[in-house]
Every structure is written in C-alpha cells, then in structure tokens.
Amino acid sequence: MASSPSSQSQKLTSISVMQSLEQVLVEAEEVETLEAIDQKQVSAKMTRVQNVTDSLMQLTENDLPASTIAVLRRRAGDMVHLLQSLAKMRKNPAESNSQLESIITQLKSSIESKRCQGASQIWKLAYNDPEVRNEIGGSGVIPLLLDCLRSEYHALLERATGALATLASRCDENKKRMVDAGAIELLRKHLINCSNHSIVINVIQCLNNIAVGSQHKDLVATADIIEKLRAYATDPESHEENVELRENASITLTNVTM
C-alpha cells in the first residue's frame, strides 16, 4: 500500500531533522579535536545547533509522533551541552545578565509568540549544570514561566513546561522557587486536563524533578496526581506514540509513592 502524502511528509521531516542533527554531531566532534578553540568557530557551530533546536521546537504531533520529537529534542540539547562544555563557553556576568534581561522582557510581553520565544530560550539555556540552572532560576524567570501556564496557546505551554522541567532538574533552589510560586497546582491542572501529550510529558517530568530528592514529594503525591499518573502508566489503549508518556508516568508514579 502506498504511503499517504501526510505520512511521506512526516518521513521527510524526520529524515531532514536527523540529517541536521548528524551534521551538528560532526561539528561538535570537530570542536573537540581543535587544539586551540577559536571563539568565532565555536559561536558559528553553536548557531547551527540552536537553529536545529529552533526547528525542533516548531514540530508538533501533526509532524511526528510525540516520542520521536522528544528524542530529537533531547539529542539536540545534548549537542548544545557538548559544545558548551568543549568550548568552555562561560559568559561573563555582564553578558549573562544582559541575555537574561532580554529574555525576561520577552516573557513579560503581552504577545504570545514573544513569550514563546523567551520560554524557548530559557529551555535551551537550562541544558547546563545545576549552577547555571540556579543562576537562571534566581533571575526571576520562574514566576514568569508559571504565568505562561495560564495561557491556552499550546506552543507556549510546551516550551514553558519544558523550561520548568529542565530548571527543576538537580537544582534544589529552583524546586523551592517553583513550590513557593504555586507551580504544583498549575502543573496539576495541566496533568489532569491537558490532552496534548508533549505538554503532559513535560508536566510529568517537572513534577518528578520537583519531587525527587527533595522535601516536596508529599506536595506532589496528591490523590488526583497519583490517580492520573497511574492512568497514564497503565493505559491499555496507549499506542506507539505514547511510549514515552507511559514511561515517564510510571517513573514519576514510583518516585512520588515510594
């Protein structure tokens, strides 16, 4: 049976994205072999990585299965992290503060697309070590990202929840900031009511990251959150695209009920 036009389009999209990521990997390896790292070369390669990541951020479940998109995004994030580590690209405080100020301005915008850009940048910046995540969280972006969760714009919700999940990973200070700012209730509402799997996966990962290794587990382990996680983890009708959703729900269910 011949593939439908939409299925052919999805395959082409997947191949194109994978080829871009493979090229990024080659470029990252080139940086690793440089004896003296030229800042302009590194910046050019980082731009390539960020362009690929931006393309991935535009993909929806209409383009590719949610699990495939998530894998591609993680791989692009790994490339960002690799290049930053290899190049030892630590910005000085003035540059870092200026960049965060620009992002905060976007997150405060009344235009959804600008807020979306800001959340996307935070998500990408948060692919770093806990110290950098703490610095980002301490800049005041967490309440702004949580405010994005009150939007009905799916692209913004996906990026904001992704940024929050990453900021909460292995950073106790950000976990506390999120709890103090009312994150759990906002995340709970999306877990219960949202039907977009990409957003739900980010929400589940964020709840898991807040709960793991912290004093906040009991706040996450509410009856309705546990019930919804159990439903996702054991859904007999889940199909292939929902594998990552089921896996994340199962892991989080275990972590919050142990």
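Let's start with helix 9 (residues 183-193), where the buried residues are Ala 183, Ile 184, Leu 186, Leu 187, His 190 and Leu 191. Down the axis of helix 9, these buried residues fall within an arc of 165°, so they line one face of the helix. That arc is taken from the directions from the helix axis to the C-beta atoms. Here, buried means under 20% relative accessible area, with exposed over 50% and partly exposed in between (1.4 Å probe, protein chains only).

This is a predicted model, in which local features need pLDDT of at least 70, side-chain atom pairs count only at pLDDT 80 or more, and totals for chains, interfaces and linings use all residues. Residues are numbered from 1 along each chain as its sequence is written, and side-chain values use heavy atoms, leaving out hydrogens and water.

**The chain as a whole**
- You'll find 13 helices and zero strands here; helices (H or I, at least four residues) and strands (E, at least two) are DSSP runs, numbered from the N terminus.
- Of the 258 residues in the chain, 45% are buried.
- Take the contacts (heavy atoms within 4.5 Å) between residues at least 6 apart in sequence: 71% join residues at least 24 apart.

**A look at Tyr 127**
- Tyr 127 sits in the loop between helix 5 (112-125) and helix 6 (130-148).
- Tyr 127 counts as buried because its relative accessibility is 18%.
- The C-alpha atoms of Tyr 127 and Leu 167 are 8.5 Å apart, with the two residues 40 apart along the chain.
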